[in-house]
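Hi,

Here is the structure I promised to pass on. Have a look at it first, then read my notes below.

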Amino acid sequence: MRMPTEYHLDALKEIVNTGVGRAAASLNVMLEAHIELEVPSITVVCGEYPEEGADSIWGMEMACVQLGFQGNFTGSAILVFPPESAVKLVSTLTGEEPETPFLNAVMAGTLNEVGNIVINSVIGTIGNILVKPFEFSLPDYMEGKLVDLLKPQTPTVELTILKVRTNFRVYDRHVEGSIILLFELGSFDALLNAIDAYSSAA
């Protein structure tokens, strides 16, 4: 498996930033909320699957929305929120108070809508810029520890994990989230090759 260079990570950050910018514009219109998104960092986890405690995010209980994607690159994308950020975001978007029972009832639907918009914008932008279109599965809402949720259903499947830390600013409230991209074996190499081809043609 190829290891990404700083150039690859910078290129990915620029592409993902374009995607989250489009996601923010869509969310502002569809959810009637002023939302800003930014991507301060991108890291890659290669080889060993991250165990609990290897990174604070992996062993935490999280609220997640997952979409699978297929095409030139195969894998899944997961939008991840710490529970307090998930509650804050849903409360802001629905107008419900955090402690009301109704908030739990709309949590999955609201986050699925947000996740669908954000992930489709990010993955779609990667596909458009690199001219590698994707097909998507339906969003699936999950809660639990990332170390358990991100394990491949087939233990023999090797994954490369691209962790994108994302900051959501909703009105005056700061909501933290991350986008986790899981690439099956060979797909991450294809992604790096596509970035190389894109830079050569630019």
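**What I found**

The protein has 5 helices and 7 strands. Keep in mind that this is a predicted model. If you walk along the sequence, the order is α-β-β-β-α-α-β-β-α-β-β-α.

Some overall numbers: of the 202 residues, 49% are buried. Among contacts with a separation of 6 or more, 71% are between residues 24 or more positions apart.

Now find helix α1, residues 6-30. How far apart are its end C-alpha atoms? They are 35 Å apart, which agrees with the 36 Å that 25 residues should span at 1.5 Å a residue. The buried residues of α1 include His 8, Leu 12, Ile 15, Val 16, Gly 19 and Ala 23. When you look at that list, remember that residues three or four places apart on an α-helix point the same way, because there are 3.6 residues a turn. What do the buried residues of α1 pack against? Their partners are β1 (35-45), α3 (101-130), β6, β7 and α5 (187-201). Just past the helix, Glu 32 has a positive phi of about 50°.

Next, the strands around β7 (residues 173-184). Strand β6 (residues 159-170) pairs with β7 through 12 bridges, running antiparallel, and Val 170 sits opposite Arg 173 of β7. Strand β3 (residues 75-81) is also antiparallel to β7, with 6 bridges joining them. One to look for there is Ala 77, whose bridge partner in β7 is Leu 181.

Technical notes: Residues numbered from 1 in each chain as written. Predicted model: local features only at pLDDT ≥ 70, side-chain atom pairs only at ≥ 80, totals over all residues. Heavy atoms only, no water. Helix = DSSP H or I, 4+ residues; strand = E, 2+ residues; numbered from the N terminus. Buried < 20%, exposed > 50% of the residue type's maximum accessible area, 1.4 Å probe, protein only. Contact = heavy atoms within 4.5 Å. Pairing = 2+ DSSP bridges. Expected span 1.5 Å × (residues − 1).
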